[in-house]
Amino acid sequence: MTPVSLPLAVVDATSAEPAMPCPDYPVYTGDDLGAIPDAYGTTFRVWAPSASGVTLRLFAVGSDGEAVESAEPLETHELTPGADGTWLVRCDGVGHGDYYDYLVRFPNGETHRTADPWARAAGVNGRRSMVVDLARTDPDGWADDRRPHIAAKDLVIWETHIGDFSADPASGIPAEHRGTYLAFTHEDTSVESEGDFPTCVAYLKRLGVTAVQLMPFYDYGSIDESIPRDDPNRGFNWGYDPLNYNVPEGSYSTDPFHGEVRIEECKRMIQALHAAGIKVIMDVVYNHLYSPDNWFERMIPGYALRRLADGTFADGSGCSNDVASEHPMMRRYIVDSVVHWAREYHIDGFRFDLMGLIDVDTMNAVRTALDALPDGASILMHGEPWSARETALDPNPDHPVILADKRGLPYLDPRIGAFCDSTRDAVRGHVFYQKEPGYMTGAADDFADDIRHAVDAWRGTSREGASVGQVIQYVSAHDDLTLWDKLCAAMRRMPGERDYAAGGSAEASAACPAGACDDLMRANRLAAGIVFSSAGVPFLLGGEEFARTKHGVSDSYKSPVELNRLDWRRARRLSGLVDHYRTLIALRHGNPAYFGGARMVVERDDAAVVFRVGDDCIAINPTGRALTQPTVDLETPGPYDEVTRIAPDEWACIYASIGADGGAGSRPALAGRAMPLPPYSFAVWRSKC
């Protein structure tokens with residue numbers, strides 16, 4: 001779909017620091033960059049327009065540490081100049097499993113050793129590239145793997161980290177597969193393998209989520225893959241440190257030393273999730289690289305990263321560098337990289353980290369390229385419409401650059417979504433001020449009107465998007481405090497271990513006696529109710545549904561795995577909260593109007609929020625007072641007759657969560673023509689007609 005064309009007067013260009021202009025290099029349009037093997041050998045081609053010479057070095061292994069006799073290359077070959085700034089060489093007898101790197105020479109006398117930015121496989125730690133015949137990495141049945149067909153109205157996105165998902169010894173996953181791609185291939189696991197409460201993929205199927213968003217699993221640079229997984233020196237990282245964009249991360253494989261293993265195991269993970277009816281969304285980080293010293297800068301100095309006018313690196317990412325997505329060959333690279341993952345790995349969607357640093361033309365080009373693939377229109381795209389800081393852009397008025405931040409959203413294809421931080425902050429309180437309350441955490445009166453807008457995906461306000469499908473509704477993600485920890489910070493001021501432990505069940509730990517966390521549990525339940533009854537696409541951090549805690553750590557990107565991993569025993573202990581989420585998901589699946597149907601919001605002068613969607617009425621009371629809602633107010637259609645008239649006494653409560661334990665299945669009933677709103681309740685009423 002072509003994005004709506006808007007006059008540049010809306011946003012002439014994104015405000016930014018002045019940047020150095022893009023180097024005037026030729027653009028290569030061929031599809032053969034990288035190492036392309038065939039039955040007789042391999043053709044190597046790179047784009048290095050400023051180089052004076054390029055040498056290919058071939059190795060038997062992926063790192064010096066694996067060399068049995070010598071770390072010297074087996075062979076070297078000089079590349080010859082090709083079209084549009086490329087260099088190439090044909091090597092007969094070289095093929096699948098051979099490792100290589102390049103020495104790139106420049107007119108100033110410098111020589112840079114570099115891996116191949118266009119590589120599709122790599123050795124341990126990604127310092128050498130590997131020739132790969134991708135067909136040989138396909139697992140059994142891969143040709144029959146298909147993307148699950150899930151309608152937009154049924155999308156529920158659950159975010160996790162591949163290591164977090166199964167690292168808990170209680171996960172029921174065999175020790176040799178914990179924290180790996182292959183953990184997802186175990187279909188029937190349970191807590192402590194006792195059979196009473198499912199974990200991992202079995203848990204996801206029971207919960208009802210339809211898409212799993214996986215934190216980065218391209219090859220990243222912050223973990224030493226050569227250290228065994230069970231060695232405490234290996235460390236932990238979220239993975240927002242791109243090293244080789246087109247190669248799967250080796251630390252999640254059972255063998256990081258042989259480049260084909262990680263590829264096959266990554267495909268097996270995706271295949272297993274597809275077999276469970278779950279889409280796979282890949283978290284991609286095209287806004288910055290692991291380091292300013294990277295394969296692009298070594299191959300094409302001064303091209304891949306934005307630079308200020310004085311030559312220093314721009315840092316809108318807060319990670320020391322920003323990718324210049326607006327430069328033609330970087331745009332081409334990003335588009336080709338996304339298409340590679342979609343086509344070769346059957347990825348169902350992409351989440352763009354700090355999308356606000358990527359220009360809208362590149363984002364729209366990605367959308368167009370995906371749409372051109374078989375079933376490509378079903379591939380999801382969404383991202384963060386913000387950056388960490390201001391970046392740098394070429395101020396040339398003849399080539400204005402508009403970034404995909406909130407101001408640039410009108411220029412995006414309507415099928416590119418964005419996380420709605422307005423909903424998040426209205427529900428739980430400001431993300432950067434941990435103790436500042438929101439609707440559910442002590443400031444219900446102040447935020448009630450915002451919630452009334454949020455449930456309708458902010459339609460009719462300045463925050464309205466081109467479509468409700470663009471709006472990712474959420475209250476927690478991997479960044480910042482988990483929902484439970486934010487509740488603790490805002491409602492306790494000085495939270496302690498008894499708060500983080502979370503009571504709320506007969507098995508509540510001694511650290512949190514029964515009843516001590518009731519107010520937190522009520523807030524969690526109502527926050528979930530708001531997200532899952534709102535227009536748009538619901539999203540949750542994995543474990544939010546069992547009060548996931550990181551003990552107040554808001555940025556656990558390199559904290560120990562013990563803090564980050566999912567606690568499956570906690571999930572079993574707080575199964576009542578899990579069941580609340582499960583019911584909300586089922587209710588949403590059962591009523592297509594929840595996704596995009598107009599909300600008829602009832603005017604009230606208190607903190608309660610009541611609205612109709614389709615033939616349902618959602619009633620939220622965040623206060624400790626019993627309130628009522630006259631049913632006569634619910635029969636007035638909106639201006640376009642979005643909802644039908646329903647007699648005042650034709651309502652029945654089909655689900656209610658009241659208090660900390662949900663009310664033990666109790667449901668309020670109409671009292672005459674008044675709908676009761678019990679204290680701290682979320683209720684769904686349905687027409688009897």
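Contact here means heavy atoms within 4.5 Å.

## Basis of the model

This is a predicted model in which local features need pLDDT of at least 70 and side-chain atom pairs count only at pLDDT 80 or more, while totals for chains, interfaces and linings use all residues. Residues are numbered from 1 along each chain as its sequence is written, and side-chain values use heavy atoms, with hydrogens and water left out.

Helices (H or I, at least four residues) are DSSP runs numbered from the N terminus.

## Helices α7 and α8

In α7, Thr423, Asp425, Ala426 and Val427 are in contact with Phe447, Asp450, Ile451 and Ala454 of α8. By class, this contact of α7 with α8 has five nonpolar, one polar and two charged residues. Ala, Val, Leu, Ile, Met, Phe, Trp, Tyr, Cys and Pro count as nonpolar, Asp, Glu, Lys and Arg as charged, and the others, Gly among them, as polar.

Two packed helices are described by the angle between their axes and the distance between the axes. For α7 (residues 421–428) and α8 (residues 444–454), the axes come within 9 Å and cross at roughly 140 degrees. That angle makes α7 oblique to α8. Axes are lines fitted to C-alpha atoms, for helices over the stretch in contact, with angles from 0 to 180 degrees between N-to-C directions. Angles under 35 degrees count as roughly parallel, over 145 as roughly antiparallel, 65 to 115 as roughly perpendicular and the rest as oblique. The crossing of α7 with α8 is left-handed (the near helix is turned anticlockwise from the far one by less than a right angle; clockwise is right-handed).

## Helices α9 and α11

The axes of α9 (residues 483–492) and α11 approach within 10 Å and cross at roughly 130 degrees, and the two helices are therefore oblique to each other. Their crossing is right-handed. Leu483, Trp484, Leu487, Cys488, Met491 and Arg492 of α9 meet Asp519, Leu520, Met521, Ala523, Asn524 and Ala527 of α11. The residues of this contact divide into nine nonpolar, one polar and two charged.

Asn524 lies in α11 (residues 518–533). At 0% relative accessibility, Asn524 counts as buried (under 20% relative accessible area; exposed is over 50% and partly exposed in between, with a 1.4 Å probe and protein chains only). Leaving aside neighbours within four places in sequence, Asn524 is in contact with Leu483, Trp484, Leu487, Glu544, Ala547, Leu577 and Tyr581.

## Helix α3

The 17 residues of α3 (residues 259–275) should span 24 Å at 1.5 Å a residue, and the end C-alpha atoms are 25 Å apart, which agrees. The expected span is 1.5 Å times one less than the number of residues.

In α3, 13 of the 17 residues are buried, so the helix is largely enclosed by the rest of the structure.
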